[in-house]
Amino acid sequence: MNKTERMLAIVIELQRKGVLRAEDLAGRFETSVRTIYRDMQALSEMGVPVAGAPGVGYSLMEGYFLPPVSFTAEEAMALLVGADFVELRLDTEYGSSARSSQEKIEAILPESVREETARLRSAIRLLNDRAGRTRGEEKETFELLRRAIVQKRKIRFRYSKNLPDMDGNRHSERTADPYGLVFSQGAWLLVAFCGLRREVRHFRLSRMNELVVLDESFEVLPGFNLQDRRPADDRNVIVRMLVDPAVADLVQGADNFYMESFEPGGEGGWLATFRVRRVEELLQWTLGWGAAVRVLEPESLRDRMRAEIENMRKRY
């Protein structure tokens with residue numbers, strides 16, 4: 001940290017905490033007390049209203065704030081909650097930067113705005129939906145991928161698909177050129193040129209294992225733009241189910257990714273319509289609702305349901 005950066009950081013610290021001793025500032029910025037004295041003198045000569053009292057410490061005159069940034073409580077809340085999201089979802093380095101940015105934002109807020117922002121933030125809470133080990137592994141994967149993207153280095157990893165291929169295999173080893181990271185439908189996706197499929201594909205970070213960043217570099221395909229990229233929608237199988245009114249609100253509230261519509265249907269129930277790639281994508285979810293959900297079509301899913309129920313009956 002150079003002198004200019006340190007003096008700005010000193011002002012921010014004073015705005016955040018009110019009164020600080022030279023010893024406190026020296027410890028915070030890992031420098032000598034004598035250097036802090038010189039910084040304070042320089043700030044005073046620059047017109048920053050720093051007041052010093054022997055045995056008490058340094059403070060800023062009341063009403064002084066760093067210009068020209070001015071936020072409303074709603075704007076400040078949006079930035080602070082956004083930083084909370086970064087700390088929760090991204091890797092350790094970005095998490096540290098997020099906390100630092102929160103401190104700077106809070107420091108430049110007038111007291112009235114700071115209090116209103118704190119009140120608004122208390123009404124919003126971001127919860128991590130992945131516990132302990134999985135969350136940590138995914139953050140480590142994110143950090144490795146972020147660095148590989150910036151450095152344009154190829155990666156190698158093992159990938160586990162949600163459903164097996166026709167040969168029954170769900171796992172494969174991939175080498176890819178990482179282009180970018182996208183947060184969609186509550187999950188992080190890697191957009192990358194896959195060496196196995198020879199095209200740009202999407203990979204869920206939660207299904208990537210044994211990730212290695214290689215020494216080999218790559219070039220992005222001409223004309224590729226991450227902002228214009230959308231995952232291909234190849235969900236061409238239509239599934240319709242009749243839902244018992246007793247669980248209709250629960251089924252709708254489950255917010256299944258594949259659900260297209262949910263509306264009143266015949267026989268006093270609700271008609272749920274889904275679009276999937278393969279009927280197996282809904283098999284376990286449908287079984288979980290028991291007799292309260294009945295598959296109307298396609299017949300292939302009805303057959304799979306019958307077979308699975310018969311297998312369950314044999315076990316019990």
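What follows is a set of exercises on this predicted model.

**Exercise 1. Check whether the length of helix α1 agrees with its number of residues.**

Step 1: Helix α1 covers residues 3-17, which makes 15 residues.
Step 2: The expected span is 1.5 Å times one less than the number of residues, so α1 should span 21 Å.
Step 3: The end C-alpha atoms of α1 are 21 Å apart, so the two values agree.
Step 4: Now look at what comes next: α1 is followed by G18, which has a positive phi, near 85 degrees.

**Exercise 2. Find the buried residues of α1 and what they pack against.**

Step 1: Go along the helix and pick out R6, M7, A9, I10, V11, I12, E13, L14 and Q15, the buried residues of α1.
Step 2: Look for their partners. These buried residues pack against β1, α2, α3, β3, α5 and α6.

**Exercise 3. Work out the strand order of the open sheet of 5 strands, and find its edges.**

Step 1: The order reads β7-β6-β5-β4-β8, and the pairing is antiparallel.
Step 2: An edge strand pairs on one side only, and that picks out β7 (199-204) and β8 (208-217).
Step 3: From one strand to the next, the twist averages 45 degrees.
Step 4: Zoom in on β4 (residues 153-160), which is joined to β8 by 5 bridges. Take R158: its bridge partner in β8 is N209.

**Exercise 4. Classify two aromatic pairs by the angle between their planes.**

Step 1: Start with F157 and Y159, whose centres are 6.3 Å apart, with 85 degrees between the planes. Planes over 60 degrees apart count as edge-to-face, so this pair is edge-to-face.
Step 2: Both F157 and Y159 are buried.
Step 3: Next come F262 and W270, at 5.4 Å centre to centre and 10 degrees between the planes. Under 30 degrees counts as stacked, so that's the label here.
Step 4: How exposed are these two? F262 is buried because its relative accessible area is 14%, under the 20% cut-off. W270 has 30% relative accessibility, so it counts as partly exposed.

**Exercise 5. Say which residues touch the most other members of the largest nonpolar core, and follow one of them.**

Step 1: The core has 21 residues, and M241, V243, F274 and L301 touch the most other members.
Step 2: Elements giving two or more residues to this core include β9 (237-243), β11 (270-276) and α10 (299-315).
Step 3: Now follow M241. Leaving aside neighbours within four places in sequence, M241 has contacts that include W270, F274, W285, V295 and L301.

Terms used:
Residues are numbered from 1 along each chain as its sequence is written. This is a predicted model: local features need pLDDT of at least 70, side-chain atom pairs count only at pLDDT 80 or more; totals for chains, interfaces and linings use all residues. Side-chain values use heavy atoms; hydrogens and water are left out. A nonpolar core is a set of buried Ala, Val, Leu, Ile, Met, Phe, Trp, Tyr and Cys residues joined through side-chain atoms within 4.5 Å. Buried means under 20% relative accessible area, exposed over 50%, partly exposed in between (1.4 Å probe, protein chains only). Helices (H or I, at least four residues) and strands (E, at least two) are DSSP runs, numbered from the N terminus. Contact means heavy atoms within 4.5 Å. Two strands pair if DSSP finds at least two bridges between them. Axes are lines fitted to C-alpha atoms, for helices over the stretch in contact, and angles run from 0 to 180 degrees between N-to-C directions. Rings of Phe, Tyr and Trp (its six-membered ring) pair if their centres lie within 6.5 Å; planes under 30 degrees apart count as stacked, over 60 as edge-to-face and the rest as tilted.
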